[in-house]
Amino acid sequence: MKNSRIPIVMISDDNFVMQTCVAITSLYKNKKSDTVYEIFIVMAECSEQSEQTFKGMEWEDCVITLVHASLEQYRDIKQLAHISIACLLKFDICELIREYDKILYLDGDIIVRGDLSELYNTELGENYAAAVKELYCMKNDDGCINAGIMLFNARKMRDDGMRDILVAKRKSLGNRSSMDQQTYNIVIKGQICYLSIIYNCVPGRLIGDVKMDYSMKELNHLYGTDYRSAKQLVKDAVIIHFATGNKPWKYTFSPCAKEWYEYYLLSPYGDRPFKRYGRWGYRFHNMSEIIKRDGISGAVKHMWSRVFQKEKIKKVDWD
């Protein structure tokens, strides 16, 4: 029998509570009436205030359980770029939540537009997980996945001791910008069930300012789809993943930023105003940061690279 009670795991530290609350709000608002979400939030050493915020979100058919976890074993791994070491707790979740044989993991920088029962009921067989291929696989299909949304075969992960294997591999890789994704792509490669792109759609790389250089023919070939345009794909997506640097809580012009903000207003943070940059404000702020970091010459180099990138993007047939 198909499962209408779906265990979902998310990870949050004190810096990502608001974003996680918005994601949970979208989950709840768009589920079917007979679907029950059991949401486990792995708390990466969060404050009491953060815990109270999450506890206040519980509904009858959307149960929230807080799971406390320590980052101690990961402190020797340097945090790079904007990625927190808290995401390394993903290696632990199948051990932390042992009551389910299958677990759906979701990043916090998402909105969910529909019910996730069909995704959860994906047959995994003897694969360790199901996930969506990375967009860059259109140029070189090495089978690598985006680890922001993963359906884990939790029983097999536990039986095969994958937590310790993943942690050991990540530590052997040293400091790098990929905190957990590269590790998954090395360790479980070849034992992954590939999901439709609608379950991990990154609009910033499809219709945003960081669009990749590819054709719809290449995209459809990789994902087995038949879309005429990237805009239609984004419109049909069930999970929108804000995986680029242009986050909707920072910039109003990010693709789907308006939609994200609608869920923000429905979340526990809805009555708290915050500043977001428009396109020109972003450019001024971004250029100021580049000048501080790299000087005038670095800013000029950045501007030149952007002009070149724009010319390259114009050659892509998006429609």
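Is Arg-163 buried, partly exposed or exposed?

Analyst: The model is a predicted one, and within it Arg-163 counts as partly exposed, with a relative accessibility of 23%. The side chain of Arg-163 meets that of Asp-92 in a salt bridge, with N and O 2.8 Å apart. Asp-92, in contrast, counts as buried, at 7% relative accessibility. The two partners belong to distant parts of the chain, 71 residues apart: Arg-163 is in helix α6 (residues 162-173), and Asp-92 is in the loop between β3 and α3 (93-96).

Other salt bridges also join separate parts of the chain. Asp-109 and Lys-247 form one, at 3.0 Å from N to O. Because Asp-109 sits in the loop between β4 (103-106) and β5 (110-112), and Lys-247 in the loop between β9 (239-241) and α11 (257-266), this pair ties together parts that are 138 residues apart in sequence. Both Asp-109 and Lys-247 are buried.

A further salt bridge is that of Asp-61 with Lys-31, whose closest N and O atoms are 2.7 Å apart. Asp-61 is in the loop between α2 (48-55) and β3 (62-69), while Lys-31 is in the loop between α1 (17-29) and β2 (36-44), so parts 30 residues apart in sequence are tied together. Lys-31 counts as buried, its relative accessibility being 13%.

The count for the structure comes to 17 salt bridges.

Definitions and conventions:
Residues are numbered from 1 along each chain as its sequence is written. This is a predicted model: local features need pLDDT of at least 70, side-chain atom pairs count only at pLDDT 80 or more; totals for chains, interfaces and linings use all residues. Side-chain values use heavy atoms; hydrogens and water are left out. A salt bridge is a side-chain nitrogen of Lys or Arg within 4 Å of a carboxyl oxygen of Asp or Glu. Helices (H or I, at least four residues) and strands (E, at least two) are DSSP runs, numbered from the N terminus. Buried means under 20% relative accessible area, exposed over 50%, partly exposed in between (1.4 Å probe, protein chains only).
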